[in-house]
Every structure is written in C-alpha cells, then in structure tokens.
Amino acid sequence: MVDAGPDPVTGKRKQLTRTFGTLREAKAEYASIVHRRYEAARAPLSQVTVDEWLDQWLSMKAEDLEESTAYSYTMTLARVRGRLGRIRLQDLTEDHVEAWMRWALQEGRGRGGRPGTGLGATSVEMSLARLKEALDRAVTQDLLQVNVAREVTVPRRARKAERRAREAVPPWSVAEVRAFVRAIAGDRLQAPFLLALMGLRPAEICGMRWADVDLGEATVFITNTRTVMGNDIVVEKDAKSLAGERQLPLPAPVAAALTRRQRLRSRGRSGKSAQRAATA
C-alpha cells in the first residue's frame, strides 16, 4: 500500500494497493510508484516563475501577519516583480538580483517622488529582505538548491548617502514649534497636530476615540490604531504591543484644543438632530 497523494478533483488522500508473489517484486513496484509520484509533483514546479512563487509565499505568510503588514509585504515585493517576475524561479541568478538592486537605486522609483529617480537605500533593503525570505522558503520546499539573493546587499556608499540626506534635515527648534502652534490656533485639526507634537504616531491619533480621552483628568489612553492601505482600505486594530498601550498626561494646550473639538462635535450633532426633527 502506498500513498498516491491527493485526488486532484476531491482533494482527498488516495492510496494504491498492489499484490505480488514476492517481497522483491513488491518493493520494486513500491519504489516505482513513489518515483512516478515525485516526478509528477516536481514537473509543474520546475516551471514556476518568480511571480508565481511570490504569490504562493505571500499567501502562506498572510496567515501569520497582520493585514496591514501583509499589504506592506505585497507592496514591497511589487518593486521586484516588474523586472524579475517573469524569470523562471530555477533560472534566477545572483546577477539578476544584483542588477535589479542597482537599477532600483538608480531609477526604480515609481511613486512618492519623481518617477525614474532612484529608490532610497532603506526601501531597496526592505525589498531585498522580503525576496531573500521568499527564496529561503523556496529552498526548504526543494524548489531551489540555494538562495541566490543571500549575498546581495545594498552598497555601503548608498546607505551612507541616505543617512547624510536625513541628517541634513534638522528637527524643529523651540522657536519653530512655537510658531507652528500659533499658526494652527483655531484650525479644525489643531488637536491632532498638537497630539503629534506629543510624539504620538499618526496611526495612534487616527485610531483615538473620545472614550479614550479623559478631559476631567487631562489624560489620554492609547489603545487603538487606524491606518489606510492603498488609499482606500481602512484597517483598525489594537496597539502593536503591550508597551504601545499607555496612558499619557495631556498638556493644558492639548486638553483645551480637544475640549474645543468636542464642543464643535456636540454642536454639529445637535444641529443635525434639529434639522432631522424639522424635516420630520
């Protein structure tokens, strides 16, 4: 008796049973069936392209990732697919990956800036990291002998240039912060802007509910985040970690801005209720 793999129609496990006059004949047939099954399984896999394998790998990874993280992986690998996706996985070489990396650094930008300019070293490193992870899995699945991207790295010169560019943008001075605070006084988004100056992440500010704000005690609880995927899908979830869940004191200007925001919100609701009553 030998396992013949899943039925292609029903997906159920199939078993084959053969009877022979001698143990030697039975062993020979067993080996033949196992070999044919192995070759049948390997044949289509040998034609898998980089694109097809990345689809399979992302599908497997999605089971263990947050929705927003899985989306980030998809977008990060999209930078790779355009130039490497059509190559047969088993034909992919280190030269292919090296050439992609240098192209990406020089002219790989498609959005978020002037198209045709180079991507940042950090963006290219993220794409390489995801590609290496996907190829590692292909090795464990016996689709590849080695991970051809393993030794490809972003040149140190490119990483240093990116660090210098970041260092060239100094943080705001106290005078600049004060000027900004004066400029946003009375703005509809004054409260969120002031919360950002407290060091809150954009996702934490967008995910904040009024139930998280205690104006009487002048405190705010950070428990929820809200982000956007692809400019149209809103993802709301708990804080990324237990350390991310915290209670913070509200400085007087922030508490005052939130109080004004809450009053405007209450007035807006009262106006809508009165309008609906008049219409009825």
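Author: Before we look at the sheet, a word on terms: two strands count as paired if DSSP finds at least two bridges between them, and strands (E, at least two residues) and helices (H or I, at least four) are DSSP runs, numbered from the N terminus. This is a predicted model, in which local features need pLDDT of at least 70 and side-chain atom pairs count only at pLDDT 80 or more, while totals for chains, interfaces and linings use all residues. Residues are numbered from 1 along each chain as its sequence is written, and side-chain values use heavy atoms, with hydrogens and water left out.

Reader: Okay, what is the strand order in the open sheet?

Author: The three strands run in the order β3-β4-β7 with antiparallel pairing, and β3 (213-214) and β7 (246-249) are the edge strands, each pairing on one side only.

Reader: And how many bridges hold β3 to β4?

Author: Two bridges join β3 to β4 (residues 219-222): Val213 has Val220 as its bridge partner, and Asp214 stands opposite Thr219. The hairpin that these strands form has four residues between them, and there Ala218 takes a positive phi near 55°.

Reader: Which residue does Asp51 meet in a salt bridge?

Author: Asp51 meets Arg81, with 2.7 Å from N to O; because Asp51 lies in helix α2 and Arg81 in helix α3, the pair ties together parts that are 30 residues apart in sequence. Both residues also belong to a network of salt bridges with Asp55.

Reader: Is Arg81 buried or exposed?

Author: If buried means under 20% relative accessible area, exposed over 50% and partly exposed in between (1.4 Å probe, protein chains only), then Arg81 is buried at 18%, whereas Asp51 is partly exposed at 25%.

Reader: Which residue partners Lys61, then?

Author: Lys61 forms a salt bridge with Glu133 at 2.9 Å, N to O. Lys61 lies in α2 and Glu133 in helix α5 (residues 121-140), so this pair ties together parts that are 72 residues apart in sequence. Glu133 itself is partly exposed, at 25% relative accessibility.

Definitions and conventions: Salt bridge = Lys/Arg side-chain N within 4 Å of Asp/Glu carboxyl O.
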